[in-house]
Structures are given as structure tokens and as C-alpha cells.
Amino acid sequence: MDISIVIPLLNESESLAPLHDWIYKSLNKEEYRFEILFVDDGSTDDSWNVIESLAHQYPNTHGIRFSKNFGKSQALHAGFKAVSGDYVVTMDADLQDSPEEILPMITQLKAKNLDLISGWKKKRYDSILLKNLPSKLFNWAARRVSGIRLHDFNCGLKVYQKEVIKNIEVYGEMHRYIPVIAAHEGFDQIGEKTVQHQARQHGKTKFGADRFLNGFLDLVTLWFINGFG
């Protein structure tokens, strides 16, 4: 397997089929063997039925279903254990990440011999109060604490060498800081690429006050690990 795409999701039934089609249109034109893994983090809508239908139609599409909502970090951790591609892509299920960015990011990863490359949503279409300002604050603090000069730690669109995701553990709300976890394990060749951000078409954002608080608590954990780990 050349490329594995891990997509964590919660209640995104309307977005899954269009996203799946978009990925196929973006990757099928190249000679890559790829797989798509949806990780349903306890959805209460029709998401799992959509995933099952796609998996029956496409042999390289798979799903993992959680019995309840455990969080994005746990979804990514389960996905990382299950996939086998040389390059592992993570992206969100809400159609705000463009699959057309995947191949250029892999090209840059290989050309610069990077361990991972993170997307940078330089222009965002999210709520300024609910997501943009908290993201800017998180990113500033994460840069100060970790010393890793990324503009957008929280961008869901990332590409990893397989060795990276097979040698790290993601827990709590630490999915925001996977580049920091990777760097602590010796995978410190980290790059960044500006990517397109799309406006949400269906459903509503999962970002709320609890995630804001959890993110700051994990930032304290990050500071502790960086200083004493």
C-alpha cells in the first residue's frame, strides 16, 4: 500500500460520500495504491451506514466504529494502528480539507526527506470567535513551548512517513500536537505547506468550550513533557 488516508469523524453522514468521491477523483489518476479508513467516533447519525455502504462498493475503503465518543486522538490512534501505507494522510471528514492537496504534500515530503508535513490553512472560513482566535492562541503557545515553527498545529491535513505513526501514541486531546510528540521520538524533520481551506457545507462544528479547555490542559502537559520528559 502506497497511501493510507485516516479520516476520524463524528456525525458527518452528509459529507462522507462526497468526500469519498473527491478522494477518488484526486488519487485515481495517479499510479498509487491507496486505502481509505473512516474512524467513526461514536456517531449518532447515519454515518456508519454510509461507511458500510462505501466499504461494500470499494474494496480499499474500510471503517472502524467506536461504541461511544472517545475523542479525535483516540480515533487517530486506532486508525494509525490499522493502516499499512508508506505514507499516512490524516484529514477531517467535513469537506473543509481538500484531497487535491495530498499528492503535492507527498511530493514535498519526499523531495525534502521529511518525517511529516503539516498543512497550513493560511486563509480560514471558520468563525473568528469560536475557532480562529483560539487556534491562533494555541499555535502561538505551542510554538513557544515546543520550539517547532509551525503556523497551524491544529490543521487536520497532515502527511506522515509510516515509521512516524507506528512509533507514537496519541492520547487525550494531543492530536493537536502530534508534530511535537513525533519530534520527541526523534522524528524532527517537520515541514509545512499552505493548503486550501473550504467553508463547511454540512452539519456544524464540533469545537466547543470543553475542547478549548482540554486543549489548554494538554498544552500544560506539552510544556511539562518538553521540560522534564
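The following legends describe close-up views of a predicted model.

Local features are reported only where pLDDT is at least 70 and side-chain atom pairs only at pLDDT 80 or more, whereas totals for chains, interfaces and linings use all residues. Residues are numbered from 1 along each chain as its sequence is written, and side-chain values use heavy atoms, with hydrogens and water left out.

**View 1. The open sheet of 7 strands.** The strand order is E3-E2-E1-E4-E6-E5-E7, with mixed pairing. E3 and strand E7 (190–194) stand at the edges with a single partner strand each, so one side of each has no neighbour in the sheet. From one strand to the next, the twist averages 20°. Helices (H or I, at least four residues) and strands (E, at least two) are DSSP runs numbered from the N terminus, and two strands are paired if DSSP finds at least two bridges between them. Strands of a sheet pair through backbone hydrogen bonds, either parallel or antiparallel.

**View 2. Strand E1 and its two partners.** E1 and E2 run parallel and are joined by 7 bridges; E1 and strand E4 (residues 87–90) also run parallel, joined by 4 bridges. Ser-4 has Glu-35 of E2 as its bridge partner, and Ile-5 has Val-89 of E4. Ile-5 also stands opposite Ile-36 in E2. Of the 7 residues of E1, 7 are buried (buried means under 20% relative accessible area, exposed over 50% and partly exposed in between, with a 1.4 Å probe and protein chains only). Both faces of the strand are covered, with Ile-3, Ile-5, Ile-7 and Leu-9 on one side and Ser-4, Val-6 and Pro-8 on the other. Together, E1, H1 and E2 make a right-handed β-α-β unit; the crossover is right-handed if, with the strands pointing away from the viewer, the path from the first strand over the helix to the second runs clockwise.

**View 3. Helix H2 and its buried side.** Within H2 (residues 47–57), the buried residues are Ser-47, Trp-48, Val-50, Ile-51 and Leu-54. They lie on the same side of H2 because they cover an arc of only 155° around the axis, the arc being that of the directions from the helix axis to the C-beta atoms. An α-helix has 3.6 residues a turn, so residues three or four places apart point the same way. His-56 and Gln-57, on the other side of H2, are exposed. The buried residues of the helix pack against strand E1 (3–9), helix H1 (13–27), strand E2 (34–40) and strand E3 (61–65), where contact means heavy atoms within 4.5 Å. H2 lies across E1, E2 and E3 and runs at about 150° to E3. Axes are lines fitted to C-alpha atoms, for helices over the stretch in contact, and angles run from 0 to 180 degrees between N-to-C directions.

**View 4. The surroundings of Leu-27.** Leu-27 is located in helix H1 and counts as buried, at 0% relative accessibility. Not counting residues up to four places away in sequence, Leu-27 touches Ile-5, Phe-34, Ile-102 and Leu-103. Leu-27 and Pro-99 are 72 residues apart in sequence, while their C-alpha atoms are 8.2 Å apart in space.

**View 5. The salt bridge between Asp-2 and Arg-33.** The count of salt bridges comes to 5, each being a side-chain nitrogen of Lys or Arg within 4 Å of a carboxyl oxygen of Asp or Glu. In one of them, the side chains of Asp-2 and Arg-33 meet at 3.5 Å, N to O. Asp-2 belongs to the segment before E1 and Arg-33 to the loop between H1 and E2, 31 residues apart. Asp-2 is buried, with a relative accessible area of 17%, whereas Arg-33 is exposed at 53%.

**View 6. The salt bridge between Asp-86 and Lys-162.** The closest N and O atoms of Asp-86 and Lys-162 are 4.0 Å apart. Asp-86 lies in the loop between helix H3 (72–82) and E4, and Lys-162 in helix H6 (residues 162–165), so the pair ties together parts that are 76 residues apart in sequence. Asp-86 is partly exposed, with a relative accessible area of 36%, and Lys-162 counts as partly exposed at 26% relative accessibility.

**View 7. The salt bridge between Asp-97 and Lys-121.** The side chains of Asp-97 and Lys-121 meet at 2.9 Å, N to O. Asp-97 is in the loop between E4 and H4 and Lys-121 in the loop between E5 and helix H5 (128–146), 24 residues apart. Both Asp-97 and Lys-121 are buried.
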